Amino acid sequence: MKKIVLTLPLVLSALAAPAFAIDAKRVDQVMQDMFGKAPPPWQERMQLDETERTCTDTRSQPNAAQAKEIEAREAKTVVFPADGNMLGDWKAGYRVANAGTGLQFSDKADAFIGGNCYACHQMDPKELSYGTLGPSLAAYGRDRKGDADAVKSAWIKLYNSNAAVACSMMPRFGHKKVLSEQQLKDVMAYLFDPESPVNK
């Protein structure tokens, strides 16, 4: 068997090599070909908005100016509850955070739409199975001691993550109407309520 030796200059030159070019029009055409017969709501999802286009074109690595522009634009979309209350029922929030159903081809029309939060985050410290793409949210509310600014910041992230971090991989749950205002409130309660298992 032939031995391959990777020298530092070889590795550095590979890292410095320009990424292969992506033909955006070709990608759009492939997506259209794949989902061309999908129902209208799915067709609409294939149309990238300005933020999605920038994040796609930069491979989620926008430069400082682009990031600032994205965050400013997306911040304008955030809607806070008219009643000023951002916390709902933590037990309902548990269901939303731990449900992966909704917005899938296989769903029935009346399928419960969840946030699928557990796929990226640990929430309840006793959980044994959870995703690690996002940070652990265990003790989230307890660590923040109900701070009003922390509550507002969490609402912004849930409503439109790109308002907080440009090209975030977290869904824009409120902005894209994935979750209702009440569901967002319930997830917020799951994060902040002292009685929630997240904070035990």
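Is Phe192 buried or exposed? Phe192 is buried, with a relative accessible area of 7%; buried means under 20%, exposed over 50% and partly exposed in between, with a 1.4 Å probe and protein chains only.

## Basis and confidence

This is a predicted model, in which local features need pLDDT of at least 70 and side-chain atom pairs count only at pLDDT 80 or more, while totals for chains, interfaces and linings use all residues. Residues are numbered from 1 along each chain as its sequence is written, and side-chain values use heavy atoms, with hydrogens and water left out.

The protein chain has a mean pLDDT (the predictor's confidence in each residue, from 0 to 100) of 88, and 90% of its residues reach 70 or more. Over residues 10–14, pLDDT stays under 50. For that segment the model has two contacts (heavy atoms within 4.5 Å) beyond four places in sequence. Where pLDDT is low, the predicted coordinates should not be read in detail.

## Aromatic pairs

The whole structure contains three aromatic pairs. Rings of Phe, Tyr and Trp (its six-membered ring) pair if their centres lie within 6.5 Å; planes under 30 degrees apart count as stacked, over 60 as edge-to-face and the rest as tilted. One of the pairs joins Tyr140 and Phe192 edge-to-face, at 5.4 Å centre to centre and 85° between the planes. Because Tyr140 lies in helix α7 (residues 140–144) and Phe192 in helix α9 (residues 181–192), this pair ties together parts that are 52 residues apart in sequence. Helices are DSSP runs (H or I, at least four residues), numbered from the N terminus. Tyr140 counts as buried, at 10% relative accessibility.

Trp155 and Tyr159 form a stacked pair, with 6.5 Å centre to centre and 25° between the planes. Both residues lie in helix α8 (residues 148–159), four residues apart, about one turn of the helix, and both are buried.

## Nonpolar surface patch

Ile22, Val27, Val30, Met31 and Met34 form a nonpolar patch on the surface, with about 420 Å² of accessible area together. Such a patch joins nonpolar side chains (Val, Leu, Ile, Met, Phe, Trp, Tyr) within 5 Å, from residues with over 30% relative accessible area and no salt bridge; a salt bridge is a side-chain nitrogen of Lys or Arg within 4 Å of a carboxyl oxygen of Asp or Glu. Areas come from the Shrake-Rupley method with a 1.4 Å probe. Met31 belongs to helix α2 (residues 24–35) and is partly exposed, at 34% relative accessibility.

## Positive phi values

Most residues other than glycine have a negative phi. Ser60, in the loop between α4 (50–57) and α5 (64–75), has a positive phi of about 60° and is partly exposed at 33% relative accessibility. Lys145, in the loop between α7 and α8, has a positive phi near 50° and counts as exposed at 71%.

Terms used. Patches are made of residues with over 30% relative accessible area and no salt bridge: like charges are joined within 9 Å, nonpolar side chains (Val, Leu, Ile, Met, Phe, Trp, Tyr) within 5 Å. Helices (H or I, at least four residues) and strands (E, at least two) are DSSP runs, numbered from the N terminus.
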